[in-house]
Amino acid sequence: MGGRRHRGRRRRVGAGRQLSGEQAEASEALRRVQQALDTLEEGKRAVFILFELEGESCEAIAAGLGIPIGTVYSRLHKARKLFMEAHARLVAAPPRPLARSQTVTS
């Protein structure tokens, strides 16, 4: 019975290295998204996050922020454009060196 518990915990040799690479890539992608979001002015960023990431409707955003629906549409349109431009610049930039905590050791 004790052997059964350990079967699920076994890992293939080298799986940790591959996972570390995937984790590093995911971490870098999240960093680029956060940097792109950080380029947006607060009002545009709030609308963008509420709509694109939180799934709120434009009507709910307008009511929640106390702004006209047309302002929500305008901010969302501009935020999408600015986000895509900023993210494209970050993707095209040369990759940053890995931090010590992200390096893969043999």
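This is a predicted model: local features need pLDDT of at least 70, side-chain atom pairs count only at pLDDT 80 or more; totals for chains, interfaces and linings use all residues.
Biologist: Let me start with the fold. How many helices and strands are in the protein chain?

Modeller: Five helices and zero strands. From the N terminus on, the order reads α-α-α-α-α.

Biologist: What share of the 106 residues is buried?

Modeller: Buried residues make up 15% of the protein chain. The chain exposes about 8,200 Å². Carbon and sulfur atoms supply 54% of that area.

Biologist: And the contacts along the sequence? What share joins residues at least 24 apart?

Modeller: Count the contacts between residues at least 6 apart in sequence; 60% of them join residues at least 24 apart.

Biologist: Now the packing. How do I read a pair of helices?

Modeller: Two packed helices are described by the angle between their axes and the distance between the axes.

Biologist: Which residues of helix 3 and helix 4 meet?

Modeller: Helix 3 brings Val47, Leu50 and Phe51, and helix 4 brings Cys58, Ile61 and Leu65. By class, this contact has six nonpolar residues, no polar and no charged ones.

Biologist: Next, helix 4 and helix 5. At roughly what angle do their axes cross?

Modeller: Helix 4 spans residues 58-65 and helix 5 spans residues 69-92. Their axes cross at roughly 110° and come within 9 Å. That angle makes helix 4 roughly perpendicular to helix 5. Helix 4 passes helix 5 in a right-handed crossing. Cys58, Glu59, Ile61 and Ala62 of helix 4 make the contact with Ile69, Val72, Tyr73 and Leu76 of helix 5. Seven of these residues are nonpolar, none polar and one charged.

Biologist: Ala60 is in helix 4 too. Is Ala60 buried, partly exposed or exposed?

Modeller: Buried means under 20% relative accessible area, and exposed means over 50%. Ala60 has 34%, so Ala60 is partly exposed. The C-alpha atoms of Ala60 and Val72 are 9.9 Å apart, with the two residues twelve apart along the chain.

Biologist: One pair is left for me. How do helix 3 and helix 5 cross?

Modeller: The axes of helix 3 and helix 5 come within 8 Å and cross at roughly 90°. That makes helix 3 roughly perpendicular to helix 5. In helix 3, the residues are Gly43, Lys44, Val47, Phe48, Phe51 and Glu52. They meet Val72, Arg75, Leu76, Lys78, Ala79, Arg80, Leu82 and Phe83 in helix 5. This contact divides into eight nonpolar, one polar and five charged residues.

Biologist: Where does Glu41 lie?

Modeller: Glu41 lies in the loop between helix 2, residues 15-38, and helix 3. Its relative accessible area is 45%, so Glu41 is partly exposed. Glu41 and Ala79 are 38 residues apart along the chain, and 8.4 Å separates their C-alpha atoms.

Key: Residues are numbered from 1 along each chain as its sequence is written. Side-chain values use heavy atoms; hydrogens and water are left out. Helices (H or I, at least four residues) and strands (E, at least two) are DSSP runs, numbered from the N terminus. Buried means under 20% relative accessible area, exposed over 50%, partly exposed in between (1.4 Å probe, protein chains only). Contact means heavy atoms within 4.5 Å. Accessible areas come from the Shrake-Rupley method with a 1.4 Å probe; for residues, only the protein chains shown count as cover. Axes are lines fitted to C-alpha atoms, for helices over the stretch in contact, and angles run from 0 to 180 degrees between N-to-C directions. Angles under 35 degrees count as roughly parallel, over 145 as roughly antiparallel, 65 to 115 as roughly perpendicular and the rest as oblique. A crossing is left-handed if the near helix is turned anticlockwise from the far one by less than a right angle, and right-handed if clockwise. Ala, Val, Leu, Ile, Met, Phe, Trp, Tyr, Cys and Pro count as nonpolar, Asp, Glu, Lys and Arg as charged, and the others, Gly among them, as polar.
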